[in-house]
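Hello,

Here is the structure we talked about handing over. Please open it first, then read my notes below.

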Amino acid sequence: MTDAATRHRPGTWHLSTEPDDSPAATALFREYYTEVAQRYHVLRGQPRITSEEIDEGVAEYPTGQLVAPGGVLVIARQAGEAVGCAGLLLIDGGRTAELKRVFVREPWRGRGAAGVLMRAVERHAAELGAERLRLDTRRDLTEAVALYRAYGYEEIPAYKEDRYAEVFFEKAVAAGPAAGR
């Protein structure tokens, strides 16, 4: 077996919460943004997105939101390598947690990282006292739509305006230690 094949076999996932501007979080977000922006451009017959456009797009997203007490960003690692992330941001006074930046690097997809991350952010939402998780995505991100449906998220009417959001989901959160605050 090659080193690459060995390295990408599923094993023990190591989860950590990190600021959304940590080096691992920054690299994962840039990779995520590049992938979804590139897909957006290609599907609409636009030229491939440039590095400069990626830099501009990434710079538009604020950092410092996916941190306690109003949020969290979970990074999944295997053998020390950051392979994916998922975050949440408390909105509407903390009753709702919005799922953000769910991403797994391509070589690691289909190996359980997404499920580990989804369960982790759902636990964090419960611990923070949220009653529900919401998210938005695009219909062309079919893998994401399938993941959310597989984890019990149900389609709901739009809860916010976002020019890139086409489908919205929600899931009730099981009560956690901070519930009822």
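Start at Gly152: this residue follows helix H5 and has a positive phi, near 85 degrees. Helices (H or I, at least four residues) and strands (E, at least two) are DSSP runs, numbered from the N terminus.

The model is predicted: local features need pLDDT of at least 70, side-chain atom pairs count only at pLDDT 80 or more, and totals for chains, interfaces and linings use all residues. Residues are numbered from 1 along each chain as its sequence is written, and side-chain values use heavy atoms, with hydrogens and water left out.

Back to H5 (residues 142-150). Ala144, Val145, Leu147 and Tyr148 are buried there (under 20% relative accessible area, 1.4 Å probe, protein chains only). These buried residues fall within an arc of 160 degrees seen down the axis of H5, so they line one face of the helix. The arc is taken from the directions from the helix axis to the C-beta atoms. They pack against S4, helix H4 (113-127), S5 and strand S7 (167-172); contact means heavy atoms within 4.5 Å.

Now the sheet. It is open, has seven strands in the order S1-S2-S3-S4-S5-S7-S6, and its pairing is mixed. Two strands pair if DSSP finds at least two bridges between them. S3 (residues 81-91) and S4 (residues 96-104) pair in the antiparallel sense over seven bridges. Val104 in S4 is the bridge partner of Gly84.

Last, Arg134. This residue sits in strand S5 (residues 132-137). Its side chain makes a polar contact with the side chain of Glu170 (2.4 Å). A polar contact is a pair of N or O atoms within 3.5 Å; within protein, one must be able to donate a hydrogen and the other to accept it, and residues adjacent in sequence count only if both atoms are side-chain atoms.

Best wishes

Notes:
Buried < 20%, exposed > 50% of the residue type's maximum accessible area, 1.4 Å probe, protein only.
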